[in-house]
Number of protein chains: 2
Amino acid sequence: MMRLGIDLGGTNTVAGLCTTDGQLIGKVSAPTPIGDADALCRTMRELCVAVCEKHNTPKEEIEQIGIGLPGVVVKSTCTLEFGTNLGLSHVCFANAFASEFSCPVVIDNDANCAALGEFAGGAGRGSENMLMVTLGTGVGGGIVLGGKLYTGRDDLAGEIGHMVLVPNGVSCNCGRKGCFETYASATGLIRLAREAMEQDSDSILHEWTRDTKLNAKMVCDACDAGDALAQKVFSDYCDYLACGLTNLVNVFQPDSIVIGGGVAGYGEKLFVPLRERVHAQQFHVSPEGTPIRGAALGNDAGIIGAALL
Amino acid sequence: MMRLGIDLGGTNTVAGLCTTDGQLIGKVSAPTPIGDADALCRTMRELCVAVCEKHNTPKEEIEQIGIGLPGVVVKSTCTLEFGTNLGLSHVCFANAFASEFSCPVVIDNDANCAALGEFAGGAGRGSENMLMVTLGTGVGGGIVLGGKLYTGRDDLAGEIGHMVLVPNGVSCNCGRKGCFETYASATGLIRLAREAMEQDSDSILHEWTRDTKLNAKMVCDACDAGDALAQKVFSDYCDYLACGLTNLVNVFQPDSIVIGGGVAGYGEKLFVPLRERVHAQQFHVSPEGTPIRGAALGNDAGIIGAALL
């Protein structure tokens, strides 16, 4: 038997054919239709048929279709409750594939699917308990405990970006102030850099942003170029990120933490100072601190995780 | 079959006889011998024999003995690794009862046992996922997920008191600064009151502490007496506590949070403002916020939880 995993993104939708133990055989993609539930279901269905045909897999061999959705889901009813980036709410996917496939359909949010993918076949392999932390526009989280996704009441668990780290700090979209994600996301790194640039005109970032908007990669590149301001900003960013990760380590004591998202692209230059800070602060009895690794599967994590739901 | 649960405290040791579903039949206690592993094992053994005799239960009917220990444990080897309050370290309890009982012996830390007890027969009954938060000298935690204690790597999970809530805040025993427990414990409440008293001579607490040391109950009593300073301090304390609890809700989305420890003795006068603050800030889709309740079993929670390990 085989499985299909769908990563439904705000831009593209990808369907992948996977073995039951999470080997990705192949994938096909198409632009995501926004704000149109019927078109979205049709696109997903066609992609599923296409990837099966491409790899000579009869539809009867598909035992389950899983979808990773960007938004708030209700797993028990297979419903996307709120999906701002898709322009859709209250859409049930239980029967979306019925005209082509007779297998069950399951869903979860995209962050959880990515975590499950990394756990099964990526950087979290071999762990029993793993946290995935995604450093992008916000800070996303996925919690795998005892080999299974932990999703809690109303499937809402894992909003690690919305732990307050700085009381009365920067306002967050969630309504609180000083949330972890306002400091530790790519957006947070950019804000820290902007604030520092306002205080100090001596940085290569002023030159680089004359005609272009500042982004997280530019801060990292400026660090590499030896820019003192960027290095100070990056060090402060690592302090905030390590503080939140240590909080999570003391609560969960996971076997590993997997870091994904845009900022993770800076690789060991991020992970080395992070490990140093977390290991120095965390509760431990083993001499080794909690392993912190970069995500290994890139965008495939979400497809594989969806297939394994 | 029956079980024995032992709550090993820094002052007293209590052994309880329990049914396999956590009904406490009876208990006996004795002072805890400090700094002497042999005497400690003898005391526990004698208490176990005594409670069985008292309730006419043959020793062969005991299927398991569980011990809740104040300190860092290694469950797999049945060892107390560090037990500062007992003046003991590296003590294995696997064979401590062998001369009288042939059943297995299991251990966990006291906070986890209390959580399991409240989950099985107290304020957490009916939950699938429950967090217990103990507001005493420190802030302790116990995590029950899917009906089981979650203890993580090296059995160290649940140190919720050691999430930093205020970066570079008050120094904590753990080495970090601004930990949740430095603000939300009874000790934290007392410190907040002392700091306020230094700034303001107009409080009944000045009179009450002329010959007595300030304690958490005095702050609560002063609130009841209409003391404005105490009420302001208590409101600030609720802000800190609610901030940390909301962080945990957003990460775990538990079915309930059970609050124990000395400060929980203030009852609904604590829980009402806490619920209000947490429910206003937490992620939710249900109209109801996460239920927050006071612990129901008092000191028996640790005995029952130990019996159910």
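**Exercise 1.** How many salt bridges are counted between chain A and chain B?

*Solution.* This is a predicted model, in which local features need pLDDT of at least 70 and side-chain atom pairs count only at pLDDT 80 or more, while totals for chains, interfaces and linings use all residues. Residues are numbered from 1 along each chain as its sequence is written, chains are lettered from A and ligands numbered from 1 in the order in which they are written, and side-chain values use heavy atoms, with hydrogens and water left out.

Step 1. Take the criterion: a side-chain nitrogen of Lys or Arg within 4 Å of a carboxyl oxygen of Asp or Glu.
Step 2. Between chain A and chain B the count is zero.
Step 3. Over all chains, the rule gives 20 salt bridges.
Step 4. For one example, the side chains of A:Asp108 and A:Lys75 form a salt bridge at 3.8 Å, N to O. A:Asp108 lies in strand E8 (residues 105-109) of chain A and A:Lys75 in the loop between strand E5 (72-74) and strand E6 (79-83) of chain A, 33 residues apart. Strands (E, at least two residues) and helices (H or I, at least four) are DSSP runs numbered from the N terminus.

**Exercise 2.** Describe the interface of chain A with chain B.

*Solution.* 
Step 1. With contact meaning heavy atoms within 4.5 Å, 40 residues of chain A touch 40 residues of chain B.
Step 2. The buried area (accessible area, 1.4 Å probe, that two parts lose on being put together, summed over both) is about 3,500 Å², and carbon and sulfur atoms give 59% of that.
Step 3. On the chain A side, A:Arg153, A:Arg176 and A:Val251 lose the most area to chain B, together 22% of what that side buries.
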